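Visitor: I would like a quick tour of this protein, with the cut-offs stated as we go.

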Amino acid sequence: MRKLNLAMIVLWCVIGALIVAALVGGTLFFKNGFSFLPFFGNDSSKMELLKDTTVSADGLKKLDLAFASDECVVFLTDSNDINIKHFGQNLQQNRLVTVERIGDRVKVSTKEQNFHFGFSFVGFSFGSWREHSRVEVYLPRSFKSTMAVDMSSGTMRFEDALELSDLAVRISSGMLHTDYPIKATNTDIEISSGSVRFSDGLETEKYSIRASSGVIIVEDKLTGNGEVNVTSGSINLDGVEIKDSLSANASSGIINIGLAKDQSFKFNGKKNSGIISTYFDATKDDHSVTATVGSDPHKTLDMGVSSGTIRIRQD
């Protein structure tokens, strides 16, 4: 009887250990994208080319990139066509990238990743795992039309300098990053809890940048007329060259603006319990901050703060 009880205890301990290991390994993999141990989750180096699609770019006026939780990388090529390659591991058929050409518009999209749970002693995958996926988009260098990016929790990188007529970005909790200069006639960026980073500048004629609880960073320079709004997120802009006007509003978030040198402008700031900090001398009272910077200014810089913070510096 004692031997039987001991065997049962050992059995239940083993089962409990496997369940805990599966939950811990799967949870870490789900959150961080890699596994707790080598035999939990997937090895991204083992991804295979699952789908290769080419569509004509002739007459193309708009490219829609709509991704769920995938990794997406955008390149430029000397080809006249658009080529989309989907690499992955453990992907179901309905998760493969979809490419549609409708008139003068091409849409490239994926569905949400699946999360698996189970035991597989033979493959040593007795934990929970998710699918791993990467989509590579190859655009003609001649493509200078509209690009619209819509992401939920994936990541996207631009691996070449882009010059577009319009750039529209919508991100929930994903990430968009590029180390290359981006030019667009009109730019519209809106994020919830994700992040956007332009490491080599953004040149545009008109821009609208909005962040709820996410982070937006434009390094090196930002040109054009624009609006910047933040709720509880963070926006940092470097080398800002105001064409005619720039307005910024912060509820409870933070906006840091680095202005390029040798600019003349009129500054108008309104605040409740927030903070407006400037590098230039200004007239201040409990609810307003005003200043005239430079000689004969024709540019305007308008700021509004509720309980957030706006800092103006000179780069």
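Visitor: What share of the residues of the protein counts as buried?
Guide: This is a predicted model, where local features need pLDDT of at least 70, side-chain atom pairs count only at pLDDT 80 or more, and totals for chains, interfaces and linings use all residues. Residues are numbered from 1 along each chain as its sequence is written, and side-chain values use heavy atoms, with hydrogens and water left out. Buried means under 20% relative accessible area, exposed over 50%, and partly exposed in between (1.4 Å probe, protein chains only). Of the 315 residues, the buried share is 45%.

Visitor: How many strands are there in the protein?
Guide: Helices (H or I, at least four residues) and strands (E, at least two) are DSSP runs, numbered from the N terminus. The protein has one helix, and its strands number 26.

Visitor: Why is strand S9 largely enclosed by the rest of the structure?
Guide: S9 covers residues 132-140. His132, Arg134, Glu136, Tyr138 and Pro140 point one way, while Ser133, Val135, Val137 and Leu139 point the other way. Both sets are buried. S9 is largely enclosed because its buried residues number nine of the nine.

Visitor: What is the N to O distance in the salt bridge of Glu71 and Arg157?
Guide: A salt bridge is a side-chain nitrogen of Lys or Arg within 4 Å of a carboxyl oxygen of Asp or Glu. By this rule the count is 17. For the side chains of Glu71 and Arg157, the N to O distance is 3.0 Å.

Visitor: How many residues apart in sequence are the parts that Glu71 and Arg157 tie together?
Guide: Glu71 is partly exposed at 21% relative accessible area. Arg157 is also partly exposed, at 30%. Glu71 lies in strand S3 and Arg157 in strand S11 (residues 155-158), so the pair ties together parts whose separation in sequence is 86 residues.

Visitor: Is Asp238 buried or exposed?
Guide: Asp238 lies in strand S19, residues 234-250. Residues in contact (heavy atoms within 4.5 Å) include Val218, Leu222, Gly258 and Arg313. Because its relative accessible area is 16%, Asp238 is buried.

Visitor: Which residue forms a salt bridge with Asp238?
Guide: The closest N and O atoms of the pair are 2.4 Å apart. The partner lies in strand S26 (residues 309-314), so the pair ties together parts 75 residues apart in sequence.

Visitor: Which residue has its backbone nitrogen 3.3 Å from a polar atom of the side chain of Thr223?
Guide: Thr223 lies in strand S18, residues 222-230. At 14% relative accessibility, Thr223 counts as buried. Among the residues it touches are Leu202, Tyr207 and Glu241. The backbone nitrogen in question belongs to Thr204.

Technical notes. Polar contact = N/O pair within 3.5 Å; in protein donor to acceptor, adjacent residues only side chain to side chain. Lists of a residue's contacts leave out its neighbours within four places in sequence.
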